[in-house]
Amino acid sequence: MSDVASTLGPIPLARPASTALARRRPRLRNAAAYGLVGPAFVLMLLMLLGPLAGVIALSFTDYQLGAPSFAWIGLVNYQEMVADKVFWISLTNTLTYVVIVVPGAVGLGLGVALLIQSGAGLRGFYRTVYFLPVMATLIAMAIVWEFMLHPQFGLVNGLLRSVGLPAHSWLQDRDTALLSLCVIGIWQALGFNMVLFLAGLVSIPKSLYDAAEIDGAGSAWSRFRLVTWPLLGPVTVFVVVITGIRSFQVFDTVHVLTKGGPSKSTDVLIHTMYMEGFEFFRSGYAAALTVVFLVFVLALTLVKARLAARQVHTS
Amino acid sequence: MARIELNAIRKSFDTTDVLKGVDLAIEDGEFVSLVGPSGCGKSTLLRIIAGLEQQSTGEVRIGGRPVDGVRPSQRNLAMVFQSYALYPHLSVYDNIAVPLRMKRLSTLERMPVLGRLLPNRHRVEREIRGEIERVTDQLELSAFLKRKPGQLSGGQRQRVAVGRAIVRQPVAFLFDEPLSNLDAKLRVHMRAEIAQLHRRLGTTFVYVTHDQAEAMTMSGRIAVMIGGELVQVGRPAEVYDDPRDIRVAEFVGSPKINVFPGHLRADGQVEMLGHPLGLAGSGLARPCRAGVRPERIELGAGAFCGAVVHVENMGAEAFVHLGVDGLATPVLARIGDVRLLPPLGSRTRFGFAPDAVRLFDAAGKRIETRLVAAPQRAREVAVV
């Protein structure tokens with residue numbers, strides 16, 4: 001049919017018309033596409049990008065909460081920050097917290113997931129028990145921990161005393177306050193990581209373990225190295241990044257239990273930010289701290305994006 | 001190279017008996033197919049041989065040695081899975097290298113960074129490279145060594161799985177429905193390839209399939225399993241021609257065998273739809289079933305009459321479905337010459353030679369028969 005038509009005259013004439021139509025159609029399609037993307041874009045602009053730009057702008061001012069006016073002061077906030085000992089202490093504390101909580105919560109989460117997955121009985125029970133801290137309000141749980149760690153009548157010291165060990169003022173001692181917060185952080189993040197790892201474990205085909213067993217991976221460790229660990233790779237990257245970001249955001253436990261003390265030993269970035277912004281009303285300086293915090297979170301997100309792109313796992 | 005013996009293997013999952021006492025001896029270098037409908041326990045039996053599953057009772061011997069309680073990795077068997085079970089994060093080369101590395105390198109030497117510093121690892125890796133290259137040349141995989149399984153086609157993945165099995169030189173190969181995930185054309189091709197592989201290696205092959213055509217075309221012997229029992233073991237032609245159980249007769253052969261209700265009379269004669277078949281069986285008078293393969297049904301003459309309800313013409317052959325009064329399912333006849341097809345809706349006579357009949361009792365067990373003179377049919381022949 002088309003062969004016949006191409007030998008006839010009208011076709012060359014028809015072609016420009018059809019290309020014009022084709023050119024108009026993508027434009028229509030583009031308009032529709034922008035129309036569909038529009039609402040989400042506007043929302044993102046209003047809720048995410050706008051406030052972000054606002055915070056960055058604020059960090060270059062001397063604005064104080066409630067003040068009628070402000071002045072642009074350039075990088076003064078940042079200079080002050082670099083010179084401030086409290087900032088460095090809280091940054092070091094935050095990084096220490098992240099470095100302890102991330103491996104702890106990821107490693108234990110994986111361990112618990114493997115244990116739950118390997119046993120047949122009481123799976124639902126263990127899953128629920130480990131997931132409870134995730135569902136509970138951390139502020140309320142922090143108060144429970146405060147009682148547990150109380151120097152005089154706390155459960156932890158009670159247990160220590162009952163086995164003949166000396167009691168300790170966990171949250172009041174500079175050396176153990178941050179560590180205690182780390183333990184609470186791990187306790188809280190563990191359940192969430194466990195659920196993610198469990199989902200990852202379930203998606204590993206059973207036949208791969210059979211193949212590994214036949215191929216000579218007789219020990220549980222060699223099967224873990226050959227199958228489980230590499231196939232959990234994408235999940236692990238995600239879990240590490242999520243735990244990292246959440247650890248950077250640590251605030252509730254610090255605020256309830258120590259208020260950054262004793263003598264700044266548990267002061268963390270967001271707590272400093274809160275103090276500067278809402279206790280001392282130095283909004284400009286708090287905004288500068290926020291920008292530093294965002295840089296860290298953004299870096300983690302970029303690392304995740306890069307690793308996720310490299311992982312090519314297809315069945 | 002090994003003989004595999006299964007003695008009274010039973011397996012129950014909770015209260016369900018999956019295997020009800022299986023005895024089977026697979027000779028060294030033999031190609032045996034375990035065939036049966038899904039859920040008959042054939043894969044479980046294979047997994048018991050491999051050691052991936054523990055039998056409830058009974059004994060497995062490989063090469064004369066009982067292997068109960070021996071780990072799968074110590075049995076030196078290779079297995080090819082239905083899903084291929086390739087490690088998705090490893091390249092083709094590394095996938096094939098896994099069994100060799102597991103066997104020849106210690107846990108420490110397999111470590112990613114530390115292992116490389118150990119002197120033995122270099123030497124072993126060189127050996128392994130040589131062996132892998134030999135196998136991948138045979139299987140025409142050399143061009144894909146660096147690819148991940150996800151970048152390969154189904155047939156190529158299948159070959160990688162076979163390569164991983166060959167490279168370790170196992171005493172026997174176990175195949176668990178390896179062709180089920182391939183398209184029809186490739187399946188026929190791989191059938192020939194696996195049969196050739198068996199001829200070349202001369203190793204024991206145990207092949208599980210639900211496709212009777214695969215079992216018939218590839219194996220030296222087939223073992224038909226139904227409902228957790230081995231119903232018949234024999235050469236493919238023998239099982240096809242001389243089924244000992246009606247379930248075997250129905251499972252083996254495509255299209256399915258025709259089964260007619262019949263009656264064994266007190267005088268020993270067998271009659272079907274009121275006509276004597278020219279056959280005599282032994283034992284008491286009782287109802288029985290007569291099986292006749294579609295290719296043995298002759299159209300145009302005979303004691304029975306049916307209407308053509310459906311015709312399937314494949315070009316080289318055709319299947320004619322005949323509706324017969326008194327029979328619930330149509331009778332199927334295979335016609336070698338498609339030019340002689342009866343028109344749809346026409347009535348035609350049909351019959352079959354007495355020696356085409358396989359007789360089964362009500363429980364499905366085979367009844368031995370002998371030919372007796374059938375006057376009506378003899379006259380017809382004489383007229384012709």
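The largest nonpolar core here has 151 residues, and those with the most contacts inside it are Ile49(B), Met79(B), Leu174(B), Val206(B), Val224(B) and Ala290(B). By nonpolar core I mean a set of buried Ala, Val, Leu, Ile, Met, Phe, Trp, Tyr and Cys residues joined through C-beta atoms within 7 Å; buried means 20 or more other C-beta atoms within 10 Å of the residue's own, with C-beta atoms placed from the backbone. Helix α8 of chain A, residues 174-202, gives the most to this core, with 13 residues. Helices are DSSP runs of H or I, at least four residues, and strands are runs of E, at least two, numbered from the N terminus.

This is a predicted model: local features need pLDDT of at least 70, side-chain atom pairs count only at 80 or more, and totals for chains, interfaces and linings use all residues. Residues are numbered from 1 along each chain as its sequence is written, with chains lettered from A and ligands numbered from 1 in the order written.

Next, Met79(B). Leaving aside neighbours within four places in sequence, Met79(B) is in contact with Ile214(A), Ala50(B), Ala165(B), Leu174(B) and Asp176(B); contact means backbone-placed C-beta atoms within 7 Å.

Now the chain contact. Chain B puts in 21 residues and chain A 20. On the chain B side, β6 (77-80) and α2 are the elements giving two or more residues, and the largest share, four residues, comes from α2(B).

Last, a helix pair. Val92(B), Asn95(B), Ile96(B), Val98(B) and Pro99(B) in α2(B) meet Val160(B), Gly163(B) and Arg164(B) in α5(B).

Key
A residue is buried if 20 or more other C-beta atoms lie within 10 Å of its own, exposed if 12 or fewer, and partly exposed in between; C-beta atoms are placed from the backbone. Two residues are in contact if their C-beta atoms, placed from the backbone, lie within 7 Å.
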